[in-house]
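Have the model open while you read.

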Amino acid sequence: MTSELPARFASFSEARQNGFLAMKALKEEGKGVVGTFCTYVPVELITAAGLVPVGLCSTSDETIGDAEKELPRNLCPLIKSSYGFAVTEKCPYMYFSDLVVGETTCDGKVKMYELLGKLKDVYVMELPRSQSKAGAKQNWLREIHAFARKLEEKFGRTISDEDLRRAIRERNRERALLKELYELSTASPPPVSGLRQLQILYGSQFKFVYDEKIRELSETIASIRAEYAAGNRPISAHAKRVVITGCPIGGATEKLVRVLEEAGAVVVAYENCTGAKQFDRQLDETGDPYEALAEYYLAIGCSVMSPNPNRLLLLGRLCEQFAAEGVVEMTLQSCHTYAVETETVRGFLKGRGIPFLSVETDYSQGDTEQLRNRAAAFVEML
Ligand code: BJ8
């Protein structure tokens, strides 16, 4: 059993790389591929059309230099890196995408999509920037219908309501399993490190065969439970329990999780798009499936929304559920919406007596020592 666990983790952490081959095989079978950049894009429509969705947000600094030949240097690294991988054709997922779906979340991405449109077929969904304004949901519902039509026209498919309901049920099942997985860390001490949890969550999006993904996730959960029940405690009972919030994390930015855990903390939950923001809630499986998509996706608590109460609701609940002793926010350089919202999050956590650290970083490793010092000082104080 002990030897089984790391192998399963490896399967997920290496998933992004191994997924290249799986994706190539799917393309050879004639499958259409749709690349996405954001949690707001309703992936159920893509799978309902018999297509393969893949996340294109890049997490490494490998192509940032290439991107900076066309994009300003003081732009969010996620945008520069993703664009860099497109121009250099170094990302197989971008290369294999027959259609790339953007969304009007932040200004940098919106303008990058214009340039990307010269290289790929890009379709941009108009996301309302308010969840509560009259008409916001109707506008978003219209966008979702328009996106369905685009997929039908481009790929010559028809998306029936039954296809869409099945896709919703399948994605709900996947969300529930990922949530079950990260909720294992409500245990004290948690059964896995935050780094392991992150690698499984991040890696799961690069498993493209649904039944295989579900089976592997179920087995991973069962195996972690069995290890714990057998008395295996890989995390110290004294490790300080930390919840991460902010911009999406993974790849190069794993550095933050590493320095926190090396300083004596354990990351128990991720509120951001790598974790609970994507998997916490379920879509309604009854009623009109398009309404269910509009309702669910518009309620995502990202800082691009103004106001953005749902981020605080989720963060507050995770802090309670995971008995957080501190919250660490990671903002990516030049991400203005998250950077400005830091003040709101700080005030929210102060009101609950939860210590808070906000760090800004990019995809380079140049600031690792500085992050290490800040993490050590924060954990020391908890
Ligand atoms: S739902 S977090 S995936 S927008 S690209 S906003 S980091 S400046 S990624 Fe995001 Fe969707 Fe929100 Fe989630 Fe800032 Fe960079 Fe923009 Fe970014």
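1. Let's start with the second largest cavity. Sorted by class, its lining comes out as six nonpolar residues, one polar and no charged ones. Bear in mind that this is a predicted model.

2. Which residues line that second largest cavity? They are Leu181, Tyr182, Leu184, Val192, Gln197, Ile200 and Ile224. H9 and helix H10 (194-204) are the elements that each put two or more residues into this lining. The volume here is about 30 Å³.

3. Now for the largest cavity, at about 40 Å³. Around it you'll find Arg165, Ile168, Asp284, Glu285, Thr286, Gly287, Asp288, Pro289 and Ala292. Helix H9 (161-183) and helix H14 (289-298) are the elements giving two or more residues to that lining. The lining has four charged residues, alongside three nonpolar and two polar.

4. How many cavities of 30 Å³ or more are there? The count is two.

5. On to the helix pair. Helix H5 (residues 77-88) packs with helix H7 (residues 107-116) at an angle of about 10 degrees, and their axes are 10 Å apart. Angles under 35 degrees count as roughly parallel, so H5 is roughly parallel to H7.

6. Who touches whom in that pair? From H5, the contact uses Ile79, Ser82, Tyr83 and Ala86, while H7 brings Gly108, Lys109, Met112, Leu115 and Leu116. By class, the contact of H5 with H7 has six nonpolar residues, two polar and one charged.

Methods. Residues are numbered from 1 along each chain as its sequence is written. This is a predicted model: local features need pLDDT of at least 70, side-chain atom pairs count only at pLDDT 80 or more; totals for chains, interfaces and linings use all residues. Side-chain values use heavy atoms; hydrogens and water are left out. On a 1 Å grid over the protein atoms alone, a cavity is a set of points where a 1.4 Å probe fits but cannot get out, and a pocket is an open set with protein on both sides within 12 Å along at least five of seven lines; lining residues have an atom within 4 Å of a point. Grid points are joined across faces, edges and corners, and a volume is the space filled by probe spheres set on the points. Helices (H or I, at least four residues) and strands (E, at least two) are DSSP runs, numbered from the N terminus. Ala, Val, Leu, Ile, Met, Phe, Trp, Tyr, Cys and Pro count as nonpolar, Asp, Glu, Lys and Arg as charged, and the others, Gly among them, as polar. Axes are lines fitted to C-alpha atoms, for helices over the stretch in contact, and angles run from 0 to 180 degrees between N-to-C directions. Angles under 35 degrees count as roughly parallel, over 145 as roughly antiparallel, 65 to 115 as roughly perpendicular and the rest as oblique. Contact means heavy atoms within 4.5 Å.
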